[in-house]
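Here is a friendly note to read alongside the model. Please keep the structure open and find each residue as you come to its name.

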Amino acid sequence: MERARALLAKPWIWSFVGAFIVWAATVAFTGGHGGGGMITAALALAVFMVIVGIGQMFVITLGPGNIDLSLPANIGLASAVAMKVMDGSDSMLAIGLMAALASGFAVGTANYLLIRALRIPPIIATLSAAFIIQSIDISYGRGLQIKPPPGFADFANLRYFGIPVLAILGIVLAIAAAIALNRTVYGRSVLAIGQNMRAAKLAGVKVHRTSFITYALCGTLGGLDGALLAAYFRGANVDIGNEYLLASIAVVVIGGTSVAGGKANVPGVWGAALFLVLLLTMLNTFGFSVGVRLVLTGLIIVGVITAAGGPRTER
Amino acid sequence: MVDARTILVKLEGVEKHFGAVRALDGVDLNIFAGECVGLVGHNGAGKSTLMNILTGTLATGAGTISISGSVEDRYSVSRALALGIRCVFQELSLCPNLSVAENTRINHPSLKGIGWQRKAAALIAQKLDEIFPGHSIDPSDIVGDLSIGRRQMVEVARAFTVTDAPLDLVILDEPTSSLDSHTAGQLLDFVRRFVGSGKSCILISHLLGEVLGNADRIVVMRDGKVVAADRAAVFDRDKLVTSMGGAAAREKVAAEAAKGTREIGPICVKARPARQRDDMQLVARSGEIIGLAGLAGNGQTDLLLAIFEAAGGSRSGIEVTAPLALVAGDRQSDGIFPQWSIARNIGIRSIERMVRGMLISSRREAELASRWQERIKIRTPDMNNNILSLSGGNQQKALFARALGSDARIILMDDPMRGVDIGTKLDVYDLIREEADSGRTFLWYTTETEELDNCDHVYVFHGGRIVANLSRDELTEEKVIQSSFDEAV
């Protein structure tokens, strides 16, 4: 009883509850068919949201105003870079992956420089960076659909006992992120800055270095996501990251991370990603048209955030 | 004789519980028209809770509130304002992004239509002139750009402005905590004039001299109860301290400090304020306690921050040769991490030393916290409780623990004792002396002249510059004030 109550007090539990309800509703609708397959598919798709969601979570936790809107463009460019460098050959797999990570790292660094050196608010800086990155992507990729090496594509679709390998990697990444957040100097610094930047600086926290690492980390995770998406969907293209702008922010917020900064929640990112993917599956299964689907998605997100908002700030 | 006057506020049997904590345990209190009531007690005695009830911010658990003879059973913030009760809270409540005039408008909905800004500006300017002649605050100044002392002046002046709502009782909760002695004196003079015109005032202050010198009647609170209430004339400092139940009055601070036979080591800080024109500079040797004095907001905090930043890299005019840490005075904006436990708040300055392998060692973090809980006497059942569960004085102790528990050899203190009770102060003074004996250096900006008795020598600031360097023997309040004004010629 005590434990159950402690569990209910965790802000991330609601995203998992939501995911479960949506899954149960869908299975009930189909009369019990396809429940397992649905979970497998959801795990595979959710992991892409989780990877960028974790990056976005660190950025948002830095405090009010911090956000990375360049993720979709970043993902698109990294997917093209990865596929071009790999050039369909498995022997270039590692190098291509490194190139995608480097591309993401460069985007994150550029974002940070715009914010720090030119003092542009992050929302504007990352949005304008997105336009530039997208143009680079268009001229670099020339709109060609470049195929991944067969080994890479197989790896991205590999499953053990119905569990996608990527999902396992996603869980490992989440665990690492949770440890980094709470048990490393970097994570503590992010949390401190998000709560009170001035106090953090006066307590000796290295504010600029921490912000730089955070934007660079988010960019790098975007790069990783780009390469994996290209492998999973068997090809890179400019629009491959489009849905990850809203998704990356939604999973952070639904997952119980404070938009005001200073309070992050890693398990919630997974729960929220599963919830969003299952929600789309459910609405598809119910046979709604695109318009109705979007309206319902919006309403349900609003509902979940309101319900899972937890205790209001005191006073 | 007192009883012949009209009773403005009558509280009977007021109780308030927060969970298991009895913040107020049956309080009876009368406020008469035309008197200034001094309210004293240690942090956590229930003063602030009582005032929150009087202003309608908190609902009573039990008991009755009567204003001007009629029982108020649906008391609220708007009701209190309509009845002419206002409060200047200890935690400043101005909107930092708005101008002084705009902040004034917030309290006066009747200032509307074309030209409301002009009207609000005139209203606040007139009141500032009345309370703090020569204040140099412009109604168009943005509040966030003002020093904390000036913000407090605006906050106080705003509470006394009148448009259409009545004004009968003003509660001043630590109104002078961020003011220097000159402006504090101006405020207290004004309070006497205000009371003289038949209005009432409640003065809450940890500076007992301030209460003894200005209140008509003094009410002492302890553990959620009123333990003494009488004319001010029957109290003296010792009697107040005894009824507050704190450590016996210790006037020995100066004596204790004076007998110091401390080893003074090599120079570890040299700093010249950016606006200094002559060759005066601040020099601190290891093991010294250096005071920064003068009227509030005259460059003391700026110099501390400049020294703090110089530690990261070099900066012209400032040399720092050892690691340093800062104890903030403005707890909410410069010190506390509100989401965190007490232990994490203390540990943040030392996380780099607590890393084992790649990760911060939980054990070392807990050890640091419990060691300092004991040394600085933080009153909490569990250091893993949220920092906001502590009273203001104990939060300040946690900030001291953060600095003193770190590897810093130089501790910068930015008026850290504002609004802190005397018991906490005495604990911390002792600790500072101990730490100085072990070779640590303290640079201590304070607005309370008596605190300067703890210092080996004192730099007096005026207009962003150092204008005097006084040794402890030369140090008197008159001398500090005099030095602050000498430069003005």
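1. **Ground rules.** This is a predicted model, in which local features need pLDDT of at least 70 and side-chain atom pairs count only at pLDDT 80 or more, while totals for chains, interfaces and linings use all residues. Residues are numbered from 1 along each chain as its sequence is written, chains are lettered from A and ligands numbered from 1 in the order in which they are written, and side-chain values use heavy atoms, with hydrogens and water left out.

2. **Where the two chains meet.** Let us begin with chain A and chain B: 23 residues of chain A are in contact with 26 residues of chain B (contact means heavy atoms within 4.5 Å). The area buried between these chains is about 2,200 Å², and carbon and sulfur atoms give 55% of it. Buried area here is the accessible area (1.4 Å probe) that two parts lose on being put together, summed over both. Of the area that chain A buries against chain B, 33% is supplied by Arg183(A), Arg188(A) and Leu202(A), more than any other three residues.

3. **Polar contacts and the chain A side.** The interface of chain A and chain B has eight residue pairs in polar contact, both residues being at pLDDT 80 or more. A polar contact is a pair of N or O atoms within 3.5 Å; within protein, one must be able to donate a hydrogen and the other to accept it, and residues adjacent in sequence count only if both atoms are side-chain atoms. On the side of chain A that touches chain B, helix H8 (165-183), helix H9 (185-195) and helix H10 (197-202) of chain A each supply at least two residues. H9(A) gives the largest share of that side, six residues. Helices (H or I, at least four residues) and strands (E, at least two) are DSSP runs, numbered from the N terminus. By class, this side of chain A has nine nonpolar, eight polar and six charged residues. Ala, Val, Leu, Ile, Met, Phe, Trp, Tyr, Cys and Pro count as nonpolar, Asp, Glu, Lys and Arg as charged, and the others, Gly among them, as polar.

4. Side chains of opposite charge can pair when their charged atoms come close. Another is Glu309(B) with Lys201(A), whose closest N and O atoms are 2.9 Å apart. This pair crosses between chains, from helix H10 (residues 300-310) of chain B to helix H10 of chain A.

5. **Buried or exposed?** Glu309(B) counts as partly exposed because its relative accessibility is 38%, and Lys201(A) is partly exposed at 40%. The cut-offs are under 20% relative accessible area for buried, over 50% for exposed, and partly exposed in between (1.4 Å probe, protein chains only).

6. **A salt bridge within chain B.** Asp216(B) and Arg192(B) form a salt bridge, with closest N and O atoms 3.1 Å apart. The pair links distant parts of the chain, 24 residues apart, with Arg192(B) in helix H6 (residues 181-196) of chain B. Asp216(B) is partly exposed at 27%, as is Arg192(B) at 30%. Elsewhere, salt bridges that share partners join Arg375(B), Glu434(B), Glu435(B) and Arg440(B) into one network.

7. **Asp225(A).** Look for this residue in helix H11 (residues 207-232) of chain A. Asp225(A) counts as buried because its relative accessibility is 0%. Leaving aside neighbours within four places in sequence, its contacts include Val47(A), Phe48(A) and Tyr244(A).

8. **Pro72(A).** This residue sits in helix H4 (residues 71-86) of chain A and is buried, at 10% relative accessible area. Pro72(A) and Glu243(A) are 171 residues apart along the chain, yet their C-alpha atoms are separated by 7.3 Å.

Notes:
A salt bridge is a side-chain nitrogen of Lys or Arg within 4 Å of a carboxyl oxygen of Asp or Glu.
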